[in-house]
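The sequence and structure are shown first.

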Amino acid sequence: MRAMVYGGRTKHIIAYPIAGGTIINFVGFYTVSGAYESLTPYPGKWMRDVSVERIKKCYEGFEEEVQGLVQCIRTATARRIHILGDVPNYAVDRAAILGDAAHAMETNFGASAGQAMEARLERNGTRVTLNPFLLQDAYYLGRLLAHPLTTLDGADGTTDVATALKIYEHTRLDFSNTIVHNARAVGQTYDFDNAMGPPPDFLARLRKGEDREAKEWLEKWRGNLNKLWAFQWDTEAIDRDWATTEELLKKAAGGQ
Ligand SMILES: Cc1cc2nc3c(=O)[nH]c(=O)nc-3n(C[C@H](O)[C@H](O)[C@H](O)COP(=O)(O)OP(=O)(O)OC[C@H]3O[C@@H](n4cnc5c(N)ncnc54)[C@H](O)[C@@H]3O)c2cc1C
């Protein structure tokens with residue numbers, strides 16, 4: 001059993017096994033036209049139960065495999081996904097934000113394959129999974145604030161807390177804002193939006209196996225997604241970025 005993404009216009013589904021393969025987590029997305037562009041919070045309840053009938057109706061026309069999954073659903077919850085735009089600052093004086101307060105994003109990097117990239121801690125036999133973005137924010141913040149070159153007042157060749165927080169912002173702000181945009185672009189690609197709609201009769205043509213246009217489109221679609229996901233495979237980025245961050249801290253403390 002493996003994670004699957006089923007794409008469709010304005011809708012996609014992410015399904016993956018959990019609980020040792022005994023349960024399939026079915027996450028169905030439905031993009032409300034104009035909701036993102038309106039830049040306003042959803043006025044109704046952000047979370048509520050929905051009937052299985054409604055789910056069936058939503059994914060009518062998807063392939064047989066999806067219909068099979070939908071038949072297995074017993075209960076379902078609908079959630080509105082709220083995201084942030086380009087946040088201008090993560091730190092002001094001695095206050096800083098991290099996590100969703102800084103970069104709430106569409107969940108497209110978090111579910112399915114993303115699960116495998118999350119840090120896992122074993123505590124008293126309980127498995128705890130942590131959001132990689134939260135972990136990374138906390139990693140830089142923790143190392144900066146605990147650094148011997150950071151002190152409350154920045155005296156004697158050290159740097160003060162406000163400057164250390166600005167360095168955290170420097171490391172995280174542009175990167176995280178880009179990831180917020182990319183998470184949306186991944187969803188749009190799954191939804192065949194952002195000029196990534198397949199050519200007419202795509203599936204039938206692809207199944208025949210000889211259609212060049214269909215194959216080329218699939219390669220382009222796949223390449224687009226690979227580029228958006230690429231940052232997740234760069235396991236050395238965190239060490240590289242820490243080295244740069246520490247250099248900034250040393251400079252701010254008066255070192256070369
Ligand atoms: C449907 C869905 C699926 C998701 N799936 C995944 C996934 O598979 N993998 C993944 O990595 N991420 C996933 N996420 C995202 C993940 O849940 C968030 O990124 C993460 O919970 C953010 O943590 P946080 O601590 O920044 O914010 P939160 O978890 O929102 O915590 C903020 C806390 O602050 C409290 N609070 C708010 N205001 C105040 C106040 N004034 N005073 C005191 N306390 C306050 C809130 O009650 C809350 O407990 C998903 C999110 C959604 C909605």
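## Terms and basis

Angles under 35 degrees count as roughly parallel, over 145 as roughly antiparallel, 65 to 115 as roughly perpendicular and the rest as oblique. Axes are lines fitted to C-alpha atoms, for helices over the stretch in contact, with angles running from 0 to 180 degrees between N-to-C directions. Helices are DSSP runs (H or I, at least four residues), numbered from the N terminus.

The model is predicted: local features need pLDDT of at least 70, side-chain atom pairs count only at pLDDT 80 or more, and totals for chains, interfaces and linings use all residues. Residues are numbered from 1 along each chain as its sequence is written.

## H7 and H9

Helix H7 packs with helix H9 (residues 212-229) at about 160°, the axes being 10 Å apart. The two helices are therefore roughly antiparallel.

Asn 182, Ala 185, Val 186 and Thr 189 of H7 make the contact with Trp 221, Asn 224, Leu 225 and Leu 228 of H9, where contact requires C-beta atoms, placed from the backbone, within 7 Å. Five of these residues are nonpolar, three polar and none charged (nonpolar: Ala, Val, Leu, Ile, Met, Phe, Trp, Tyr, Cys and Pro; charged: Asp, Glu, Lys and Arg; polar: the others, Gly among them).

## H7 and H10

The axes of H7 (residues 161-190) and H10 (residues 237-252) come within 10 Å and cross at roughly 150°, which makes H7 roughly antiparallel to H10. Here the crossing is right-handed.

On H7, Thr 163, Ala 164, Ile 167, His 170 and Thr 171 meet Asp 241, Thr 245, Leu 248, Leu 249 and Ala 252 of H10. This contact of H7 with H10 comprises five nonpolar, four polar and one charged residue.

How values were computed: Left-handed = near helix turned anticlockwise from the far one by under 90°. Contact = placed C-beta atoms within 7 Å.
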